[in-house]
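Dear colleague,

Please find below the structure that I am handing over to you.

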Amino acid sequence: EGKVYYLNFKPEQADDWVKLAETYTDETGVQVDVQTDASGTYESQLKSEMAKEEAPTLFQVNGPVGLASWKDYCYDLSDSQIYKDISSDDYVLKEGDEVKGIAYVVETYGIIYNKAILNQYFELSDAAVKSVDEINNFETLKKVADGIQKHKDELGVEGAFTSAGMDSSSDWRFKTHLANLPIYYEYQKDGITDTKAIKGTYLDNYRNIWDLYINNGTCDAKQLSKKTGDDAVAEFTTEQAVFYQNGTWAYADVSSLGDDNLGMLPIYIGADGEENQGLCTGSENYWCVNAKASEEDIQATLDFMEWCATNDTALKAICGSKGAMPSGADGMGFVTPFKKNLESTNLLVNIANEYVAEGKTPVSWNFTTMPSEQWKNDLGSALTTYAADQTDANWDLVKSAFVDGWAKEAAAAKSK
């Protein structure tokens, strides 16, 4: 009889997966072990675990770059039941005709906003626009942010945007998620989905949105190197700021403001046609089955995945929030790409779905093609240096990290 060993990537849901695995074992008698890496060390832990005799049977890659490192270990899922359960091929990783990875969670990010304070701004006599529906491009977003900053005392805020913290708990929002926008528009323009040499066509736009964040924030831009993710949450939930760039996963952090008071805007950078742009939607969580495991363990793992995608108890735990775990604890609150995905109680998820229903084009997650962690870290350092001293020379460091760093890291990855 086979068994399952799942090396989970998401530390926030570590306990939930252990509990769900116990439920599965109680139902089926099949042993499921779950280990979760400490944040940010998944790749190195996966390497060391894969070298052991009892290697993971179920593991994760973040997209095409992660797949390139592990494709020899990925079992072809094209005949599996879980592949038949997926709602779209947009959520699978393929190598030729083989299905090597299947996303199990789909997430969305943008600019979360406080409706009440924004409405107060709209009532000002010199407000740039009178409704959030009019904010559908960078130029308008900038006018509104500048206006909020100008009237921050009468609006009772410290800034239009929460602090763009560049501490490691927060910098991924900018070196990865915000950086996705110039990459996305360059790929769209060039008709590609990956590259070994980014051109940086939209780096002026990246500078404009970064300038907007750091110069219309709750603190002096020189302080951003020390600011954390918790700082941004606290500023937003205590209504010191109107705008907060983050995603559906942050709903629990901001829900105290009340669903009636929360909205979400796309991240506009001034690209042509952005009026039709939706939120940034995708996955960096793809399940892969270890092809080198025993046949029994592979089958046991496929059965467990299938259960997660179709069983009512499992789906409730994975998609639900309050009291959704079998134990009565809160569920994981994920949106899954499976046909049986449950309606979400997460307001931000439902807002994302509304954009799609309105015919807006979601921005795909192209940051999964960033060549390495080193590339992201070097970009983050350059952004931090620039924030503290906003000269053209310092922006040149950002450009160099983005363009030259990409070519260098892509070449290094190829030679491995």
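Helix α10

Helix α10 is mostly covered, with 10 of its 13 residues buried (buried means under 20% relative accessible area, exposed over 50% and partly exposed in between, with a 1.4 Å probe and protein chains only). Its buried residues include Leu203, Tyr206, Arg207, Trp210, Asp211 and Tyr213. The helix runs over residues 203-215 and reaches 18 Å from its first C-alpha to its last, close to the 18 Å expected at 1.5 Å a residue (1.5 Å times one less than the number of residues).

Please note that this is a predicted model, in which local features need pLDDT of at least 70, side-chain atom pairs count only at pLDDT 80 or more, and totals for chains, interfaces and linings use all residues. Residues are numbered from 1 along each chain as its sequence is written, and side-chain values use heavy atoms, with hydrogens and water left out.

The whole chain

The chain holds 17 helices and 12 strands (DSSP runs, H or I of at least four residues for helices and E of at least two for strands, numbered from the N terminus). Of its 416 residues, 55% are buried. The radius of gyration is 22 Å, which agrees with the value near 22 Å for a compact globule of 416 residues (taken over C-alpha atoms; the rule is 2.2 Å times the number of residues to the power 0.38). Along the principal axes, the C-alpha trace spans about 70 × 50 × 40 Å.
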